[in-house]
Amino acid sequence: MFLTDEEKRMRDGAEGEAVAAAMDLLVRYGDALGADRLVETRNVAGTMTQPSPAKQRLFEEGGWARAYAVINLDCDRDIEIPRMKVPTCQLQHGFGEDAAGLTAYSPQSIELQGSAESYYSERGVNILATCTPYQVGNLPVRGEHVAWMESSAVVYANSVLGARTNCEGGASTGAASLTGRIPYWGNHLPENRFATHLVEAEVPVDGFQEWGMFGYFVGGEVEEARPAVVGDLGQPDLADLKHFGAATATSGGVELYHIPGVTPVAPNLDAAFGGRAAPEPIRYGRREREWVYETLNAQGSSTDVDFVLLGCPHASLDQIARIAYLLEDRRLHAGTELWVMTPRALRTMADRNGYTRTITRAGGRVLTDSCPAMSKAAPPGTRVFATDSAKQAHYLPAILGIEAWFGALDECIDAAVTGTWRGGLR
Amino acid sequence: MSVGEPGRAAAAVLELRGRGIVPGVVEAEALVTHDSISGFGGIDVATGTVIEPRHELFGQCFTGRVLVFPGAKGSSGWSGFFQSTRLMGTAPAAMVFNVLTTKAVLGAIVTRVPTVVEVAPDPLEAIRTGDLVRVDGDAGIVTILRRATSATASASA
């Protein structure tokens with residue numbers, strides 16, 4: 001892989017041992033990918049603070065510097081970790097103080113994460129603590145090269161914002177933060193950004209639930225490829241595309257899609273395919289829609305719902321407002337908990353606008369930083385949960401061994417208030 | 001390619017050529033799947049076991065075996081999960097895969113096990129679970145040293 005003189009200097013230690021280790025990792029990674037060179041980036045979204053047993057052991061052995069060296073740079077030497085070279089944010093991580101005592105999640109992990117936050121924020125990491133950095137001020141512009149993790153954020157950045165990123169990992173983002181470089185490969189190259197598949201909706205796709213179901217179908221069909229989606233599509237909003245993209249990256253590995261006329265890179269179908277002829281469309285009709293619904297609900301048998309989870313990916317302020325509206329003057333079923341996960345910055349706005357008060361008065365909670373899947377913890381005794389998120393319905397049964405119901409927001413609120421799942425495909 | 005006579009273990013049964021992306025040489029039994037593997041929600045790092053329901057390898061342990069799989073799917077935490085198997089002592093002995101993604105490539109690097117990619121003939125067809133294979137990450141060669149007997153294949157399948 002070609003390195004500029006500046007990159008060679010970084011590799012050879014001119015900017016210190018940590019930067020040299022970071023460049024060494026990027027060279028190994030770029031060579032393995034078959035990249036020709038690196039590209040500059042000034043926007044990194046990664047993870048450093050999320051507790052894990054392995055990270056805890058490294059921290060006890062040699063502090064956060066050791067944990068960063070091993071996990072984020074794949075380096076076993078004792079090195080000092082300098083200030084991040086380019087703007088870097090922490091994505092979602094474990095539960096924070098606001099969730100203390102609500103689950104079996106250990107207080108030690110919350111404490112460990114707090115310690116990590118202090119260390120990394122001193123080195124210039126912005127603790128956004130969300131899977132949706134684009135909701136709280138980190139909005140790369142069209143064409144910008146970024147280095148992001150979190151599959152739902154990656155697909156949003158590439159598709160909705162028109163920025164360019166691969167689905168990076170903890171070590172590649174750790175190295176990018178200290179060098180401002182990432183391999184120029186995959187989604188960074190213009191020729192790799194055209195659609196490969198065409199999916200046509202023959203049934204109306206409009207609203208949060210429908211966009212999530214459609215995304216789950218698209219991901220399952222195209223796997224890691226790049227779909228353009230057309231057909232009977234309503235005007236999506238931020239939450240709809242947040243749900244759609246997360247679902248495509250759950251049933252498949254979609255990192256980039258086009259909705260001609262909606263997403264910025266593809267004003268029309270021709271542009272989505274880069275002037276090449278579009279292939280025969282994969283059709284999403286009534287039967288396919290029913291199949292998605294049944295698949296997402298295949299992990300449910302008991303209708304006694306003891307947990308409702310909303311906000312995956314983290315809820316927008318608009319979603320929180322709707323939840324509050326539906327819960328006004330109502331009270332949750334005695335045996336059922338309701339959590340709304342959101343970035344802490346939006347929680348502040350929800351507090352200010354009274355939404356948190358309404359949700360809390362009904363018996364629900366607005367929580368931040370994490371989710372039950374990331375922290376592997378739900379309210380004690382949870383056997384059956386309901387959610388409006390295709391992604392959470394897909395993952396949580398495997399992670400926690402519980403049953404899942406997937407439906408519309410009003411059905412989830414109904415389950416929270418009655419303790420019973422009464423949803424169905426409408 | 002020549003296929004060794006049944007019952008003779010001395011000569012290599014089959015040699016597959018690809019590109020080594022993580023150096024090192026290891027010999028171990030293969031664990032083969034046609035399903036892509038997920039990190040987050042897909043494996044348990046404490047036990048080195050596949051935990052995704054409906055996965056072909058559900059409940060099976062890859063620790064110390066040559067993991068032969070199409071590629072990575074799911075969350076961007078993939079590399080971190082496999083890195084954790086290294087730190088917890090539950091990592092596979094080597095990796096062989098053909099679908100090149102950032103997730104799988106970075107995962108192989110931070111797991112630090114010999115890894116060969118872009119292998120021909122198709123390793124998913126050529127290698128069977130229980131086969132003894134040598135993965136040479138320096139030369140980019142995967143060698144089937146001995147075919148699984150029906151007993152070892154069924155025990156590990």
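Author: Two strands count as paired if DSSP finds at least two bridges between them. The model discussed here is predicted.

Reader: In what order do the strands of the closed barrel in chain B run?

Author: The barrel has seven strands, and their pairing is mixed. From one strand to the next the twist averages 35 degrees. The order is β1-β9-β8-β6-β2-β10-β11.

Reader: Which residue of β6(B) is the bridge partner of A30(B)?

Author: Strand β2 of chain B covers residues 25–32, and β6 of chain B covers residues 66–68. These two strands pair in the parallel sense over three bridges. In β6(B), the partner of A30(B) is V66(B).

Reader: What angle does the direction of helix α2 of chain B make with that of β8(B)?

Author: Helix α2, residues 102–111 of chain B, packs on the sheet. There α2 touches β1, β8 and β9 of chain B. With the direction of β8(B), the helix makes an angle of about 165 degrees.

Reader: How much area is buried between chain B and chain A?

Author: The size of an interface is often given as the accessible area lost when the parts come together. This contact takes 29 residues from chain B and 37 residues from chain A. Carbon and sulfur atoms give 59% of the buried area. The total is about 2,600 Å².

Methods:
Residues numbered from 1 in each chain as written. Chains lettered and ligands numbered in written order. Predicted model: local features only at pLDDT ≥ 70, side-chain atom pairs only at ≥ 80, totals over all residues. Heavy atoms only, no water. Helix = DSSP H or I, 4+ residues; strand = E, 2+ residues; numbered from the N terminus. Axes fitted to C-alpha atoms, helices over the stretch in contact; angles between N-to-C directions. Contact = heavy atoms within 4.5 Å. Buried area = accessible area lost by both parts, 1.4 Å probe.
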